[in-house]
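Here is a short briefing to read alongside the structure.

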Amino acid sequence: MHGTFRRSHGLRALLLFAAAAAPFVAGPYWVHVGALAWYYALLAASWALLAGYAGQFSFAHVAFAALGGYSSALLTLRFGLPVALSIPLTVILAMVLGALMGALVLRLSGPYLALFTLAIAEIFRLMLVAEEDVTRGSLGLQVPGLFSGGSDVPYYYLGLGLVVLALLAMNGLLATRVGLFLRAIREDEHAAQASGVNTTLHKIVVFVTTAGLAALAGTYYGHFVGILSPNMVIIPEMGLVVAMAVIGGIESLPGAVVGAAIVYGLSEILREYGEWRFVLLGLALIVVQRFAQNGLFPMVERYLDGRVAPPGKSRVDIENVPKMEGEYVKPS
Amino acid sequence: MTYFSLLSINGLVIGLIYALMAAGLTLVFSVLKVVNFGHGSLYMLGGYASYYAIGLLGVPPVAGVIVAMVALFLFGVVFERLVLAPIYSDKVERKDEYAIIVTFGLTILLTNLGLVVFGPFSKSPPAFLHGTFIAGPLILPYDRLIAAVIAVIILSGLAWFLARTSLGQALDAVSQSRDSAAVIGINPKRMYTIAFGLGSALAGGAGALVAPIFALSPNMGELPGVQAFIIIVLGGMGSVGGSIIGGILLGIVQGLGVGFLPDPNRALAYTQAFGALLLIIVLLVRPTGLFGRAHMRLE
């Protein structure tokens, strides 16, 4: 497999080239849109690692992004730290809190985990609203920018650079044994544990990694947009990230990035249609999940490489197969 | 004293409506093992179904509740058949995540469809009955009184249905063990459809009951949706009785909480956070909830 050229690799290179060349042809408005799309791309890709690879369906991902945005902003505004210091400190803080959350939710899975993280995100949002003295509540917190001059082009390339680096780092992590262990935990935590995988450690590792990346995305967003509000944490915002990752490919990190770019781009192109865009988004989310669970990008890649899913595999019509064993119960 | 008894009576009424909604959510969870993240939007849909039944078809307000429940039952059946059914086959690898994603997608779809079709401005259907019920220190608008009475009737009907009818017991059997139920001749797939339809009908009924009390708006389901999650975790996921008690409890506690907290701005934000905090603590300390049944235990 190694060394041979795959057309899917060509597609990835082409997409990267297109992303890098876009500001030369696009106007300032679309550069701005693109720079915002990188924020969502970072969130969607790191959420795909958390939910798609490790099977930890968290609704608190946007809360970590908001934590990143607010923390970096407050460190620069209140304590006068330079951004070169506030951003690393923020990411470390988020990783510590990510470890804490990972440790808290070790025993929770599936819908329980989703409800738990949803509650965490709600509490964090309500704190941002209520503690007006610190966060300025719903009025929004003004954040200093990173680059002088009014152009969004530097932000665009910073965002793109962050996305590429995050993808390389996450794929690097997944290429090691950690990636294998994470998938093992997703498929069957108890079996993984029985086979000698340190599930506790690896679950915490994935929460730490993704919390750090979400916070990084949040700092980028804050310093780029220049204003933060508790609306970063509302449920529809998380819905957007989930939809991007699922539509692009929840088990494919580049797929999640492509999903984010397409969903965000489309939502801008179709702006005149108002709420219909989100009707379409909800419908697309359901339809993709119903008919193409691995998302659209892996499907395109597979098509380009001429690999079609072997017929019959996991497509067994269970209704017509006599059931041999009893209900499968995970040992508790 | 009067003020607090008034608050607790109001809390009780709202609690009953929450209980109705939570009972639907927990019924779906116990039979399908699916947390319906779209439950709040079904509640919204029920409110509008009743509004349009009253406004366009001219049915009396109380019958609007029935229309809403029937409409939502049908909607639930169709959604379950079209979208949720693959969970029971081997086509879906990770069922929990699949269910969360599609029901969450349903929320995005319905809430925004509501904004487009029903409009962002709030609408109010006519009252069940105008006027106010006064008995000594108790003052309760008839709307709330009637909503509470109907909620009690529906909840009692549900309890009777689950315990006394063969269909109800079949649902319970599937909730305990799908395969054992299949062995004794119950078709689990049919039970899944019925349970999801009933769950949707209960959400729709709650929405229709609330409609005259609070106005309708497309995102009216968001907060009660979260409340329903808190209630079913508090009452024990899968326990219909627990969800009823949990609902009333949460309604009263929140009703009273408003009376106790100073600084209204901050208090309002933190009353909501209080419920979320309760959910976190229950999940960590006692994941089976107050009235959880052993077979629903966290895996």
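Among contacts in chain A between residues at least 6 apart in sequence, those joining residues at least 24 apart make up 79%. For chain B, residues 24 or more positions apart account for 78% of the contacts with a separation of 6 or more. Please keep in mind that this is a predicted model.

**Chain A overall**
- Chain A has a secondary structure of 14 helices and 2 strands.
- Its radius of gyration is 21 Å, close to the 20 Å that the globule rule gives for 332 residues, so chain A is as compact as a globular protein of that length.
- Taken along the principal axes, a box of roughly 65 × 45 × 40 Å holds the C-alpha atoms of chain A.
- Buried residues come to 47% of the 332 in chain A.

**Chain B overall**
- In chain B there are 11 helices and 2 strands, and from the N terminus on the elements follow the order α-α-α-α-β-β-α-α-α-α-α-α-α.
- A compact globule of 299 residues would have a radius of gyration near 19 Å, and chain B agrees with its 19 Å.
- The C-alpha trace of chain B spans about 55 × 50 × 35 Å along its principal axes.
- Of its 299 residues, 53% count as buried.

**Where the chains meet**
- Chain A brings 42 residues to the contact and chain B brings 45 residues.
- On the side of chain A that touches chain B, the elements giving two or more residues are helix H5 (110–130), helix H11 (235–248) and helix H13 (276–291) of chain A.
- H5(A) gives the most to this side, with 13 residues.
- By class, the side of chain A that touches chain B has 27 nonpolar, 9 polar and 6 charged residues.

**A closer look at H5(A)**
- The 21 residues of H5(A) should span 30 Å at 1.5 Å a residue, and this agrees with its end C-alpha atoms, which are 30 Å apart.
- H5(A) is largely enclosed by the rest of the structure, because 20 of its 21 residues are buried.

**Helix packing in chain A**
- Helix H2 (residues 28–53) and helix H12 (residues 253–269) of chain A have axes that come within 8 Å and cross at roughly 140 degrees.
- The crossing of H2(A) and H12(A) is right-handed.
- The residues that H2(A) brings to this contact include A:Val33, A:Tyr40 and A:Leu49, while those from H12(A) include A:Leu253, A:Tyr264 and A:Glu268.
- The contact of H2(A) with H12(A) divides into 15 nonpolar, 2 polar and 1 charged residues.

**Helix packing in chain B**
- Helix H3 (residues 61–84) and helix H8 (residues 188–210) of chain B pack at an angle of about 145 degrees, and their axes are 7 Å apart.
- H3(B) and H8(B) pass each other in a right-handed crossing.
- Their contact has 16 nonpolar, 9 polar and 2 charged residues.

- You will find B:Leu290 in the segment after helix H11 (264–285) of chain B.
- With 15 other C-beta atoms within 10 Å, B:Leu290 is partly exposed.
- Leaving aside neighbours within four places in sequence, B:Leu290 is in contact with B:Leu234, B:Gly235, B:Gly236, B:Gly242 and B:Gly246.
- B:Leu45 sits 245 residues from B:Leu290 along the chain, and their C-alpha atoms are separated by 30 Å.

Note on methods: Residues numbered from 1 in each chain as written. Chains lettered and ligands numbered in written order. Predicted model: local features only at pLDDT ≥ 70, side-chain atom pairs only at ≥ 80, totals over all residues. Contact = placed C-beta atoms within 7 Å. Helix = DSSP H or I, 4+ residues; strand = E, 2+ residues; numbered from the N terminus. Nonpolar A, V, L, I, M, F, W, Y, C, P; charged D, E, K, R; others polar. Rg over C-alpha atoms; globule rule 2.2 N^0.38 Å. Buried ≥ 20, exposed ≤ 12 C-beta atoms within 10 Å, placed from the backbone. Axes fitted to C-alpha atoms, helices over the stretch in contact; angles between N-to-C directions. Left-handed = near helix turned anticlockwise from the far one by under 90°. Expected span 1.5 Å × (residues − 1).
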